[in-house]
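Dear colleague,

Please find below the structure that I am handing over to you, together with its sequence. I would ask you to look at it first and then to read the notes that come after it.

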Amino acid sequence: MFGRLGAPEIILILVVIILLFGAKKLPDMARSLGKSARILKSEAKAMKSEAKSDDADPPNPEQSAAQRTIQAAPGDVTSSRPVTEPTDTTKR
């Protein structure tokens with residue numbers, strides 16, 4: 001009874017969304033949602049490749065102290081920033 005959505009219900013839902021958010025804001029919202037999805041995908045891919053390289057290669061102290069650049073999306077240089085890796089400063 002409640003699980004079936006036909007064409008009229010979907011059209012009604014879309015009309016309500018357009019009325020709530022406004023037609024001008026919807027493309028910007030979709031663009032930012034797509035950008036966020038690309039960022040999440042690239043970060044997940046980087047984490048997987050980093051995990052594979054950590055398993056294959058022994059740790060190199062010079063490499064861990066070097067700066068890396070994280071890009072938000074491929075080709076998006078406006079939001080890339082250099083990142084320094086945290087080091088263990090506790091003395092035992």
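The notes below go from the overall picture to single residues.

Please keep in mind that this is a predicted model. The mean pLDDT of the protein is 75, and 59% of the residues score at least 70. Confidence is highest in helix α1, at a mean of 89, and lowest in helix α3 (residues 61–65), at 50. Where pLDDT is low, the predicted coordinates should not be read in detail.

Overall architecture

The protein contains three helices and two strands. Read from the N terminus, these elements follow the order α-α-α-β-β. The protein has 92 residues, of which 5% count as buried. Among the contacts with a separation of 6 or more, 26% are between residues 24 or more positions apart.

Helix α1

Helix α1 covers residues 7–21. Directly after α1 comes Gly 22, which has a positive phi, near 90 degrees.

Leu 12 is found in α1 and counts as exposed, because its relative accessibility of 55% is over the cut-off of 50%. Ile 17 also lies in α1, but is partly exposed, because its relative accessible area of 33% falls between 20% and 50%. Leaving aside residues up to four places away in sequence, Ile 17 touches Gly 22 and Leu 26.

The nonpolar patch

Both residues belong to a nonpolar patch on the surface, whose members include Leu 12, Ile 17, Phe 21 and Met 29. Together, the residues of the patch have about 930 Å² of accessible area. Which element gives the most to the patch? Helix α1 does, with eight residues.

Side chains of opposite charge can pair when their charged atoms come close. How many salt bridges are counted in this model? The count comes to one. The partners are Asp 28 and Arg 31, whose closest N and O atoms are 2.8 Å apart. Both partners lie in helix α2 (residues 25–56), three residues apart, which is about one turn of the helix. Arg 31 counts as exposed, because its relative accessibility of 54% is over 50%.

With kind regards

Notes:
Residues are numbered from 1 along each chain as its sequence is written. This is a predicted model: local features need pLDDT of at least 70, side-chain atom pairs count only at pLDDT 80 or more; totals for chains, interfaces and linings use all residues. Side-chain values use heavy atoms; hydrogens and water are left out. Helices (H or I, at least four residues) and strands (E, at least two) are DSSP runs, numbered from the N terminus. Buried means under 20% relative accessible area, exposed over 50%, partly exposed in between (1.4 Å probe, protein chains only). Contact means heavy atoms within 4.5 Å. Patches are made of residues with over 30% relative accessible area and no salt bridge: like charges are joined within 9 Å, nonpolar side chains (Val, Leu, Ile, Met, Phe, Trp, Tyr) within 5 Å. Accessible areas come from the Shrake-Rupley method with a 1.4 Å probe; for residues, only the protein chains shown count as cover. A salt bridge is a side-chain nitrogen of Lys or Arg within 4 Å of a carboxyl oxygen of Asp or Glu. pLDDT is the predictor's confidence in each residue, from 0 to 100.
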